[in-house]
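Work through the exercises below with the sequence and structure open. Try each task before reading its solution.

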Amino acid sequence: MGYPDCGNGFYSDKLDYKNWFDFNSKQRAYKNCLESLAPTLCFLLIGGLEVPWVTISAAILYLGGRLIYFIGYLRNPKSRAPGFMVALIAMQLMLVMAIYAIGKMLYDMN
């Protein structure tokens with residue numbers, strides 16, 4: 001039938017099924033991107049202290065992946081995997097850069 005209403009019952013009463021499904025897909029894609037924003041920004045800030053160009057490159061790759069994810073989700077929610085994989089690889093690279101930056105800062109303190 002479709003996805004759950006996500007609390008937007010007002011719109012489900014006013015819209016036909018196709019428009020409601022499109023609205024709900026856009027809302028879910030936006031919320032999914034928003035929930036991964038906090039760790040991404042933390043990795044970006046910490047990793048950017050020691051290896052800024054690699055971290056910025058990973059962040060640009062992440063943004064591209066999220067854009068591909070968002071477009072794929074809007075076309076067909078099952079076709080979001082390529083964007084997710086690109087964004088996941090970029091986020092893992094930012095995590096590695098953040099861990100490296102923390103390790104380098106701790107090493108330099110001694």
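Predicted model: local features only at pLDDT ≥ 70, side-chain atom pairs only at ≥ 80, totals over all residues.

Residues are numbered from 1 along each chain as its sequence is written, and side-chain values use heavy atoms, leaving out hydrogens and water.

**Exercise 1.** Check the span of helix H5 (residues 81-109).

Solution. Helices are DSSP runs (H or I, at least four residues), numbered from the N terminus. The expected span is 1.5 Å times one less than the number of residues. For the 29 residues of H5 that gives 42 Å. The end C-alpha atoms are 42 Å apart, so the two agree.

**Exercise 2.** Which residues of H5 are buried?

Solution. Buried means under 20% relative accessible area, exposed over 50%, partly exposed in between (1.4 Å probe, protein chains only). The buried set includes Gly 83, Met 91, Met 94 and Met 97. Helices H3 (37-50) and H4 (52-75) are among what covers the buried residues.

**Exercise 3.** Trace the salt bridges of Lys 104.

Solution. A salt bridge needs a side-chain nitrogen of Lys or Arg within 4 Å of a carboxyl oxygen of Asp or Glu. The whole structure has three.
- Glu 50 pairs with Lys 104 at 3.8 Å between the closest N and O atoms. Glu 50 lies in H3 and Lys 104 in H5, 54 residues apart.
- Asp 108 pairs with Lys 104 at 3.4 Å, closest N to O. Asp 108 and Lys 104 are four residues apart in H5, about one helical turn.
- Shared partners join Glu 50, Lys 104 and Asp 108 into one network.

Technical notes
Helix = DSSP H or I, 4+ residues; strand = E, 2+ residues; numbered from the N terminus. Contact = heavy atoms within 4.5 Å.
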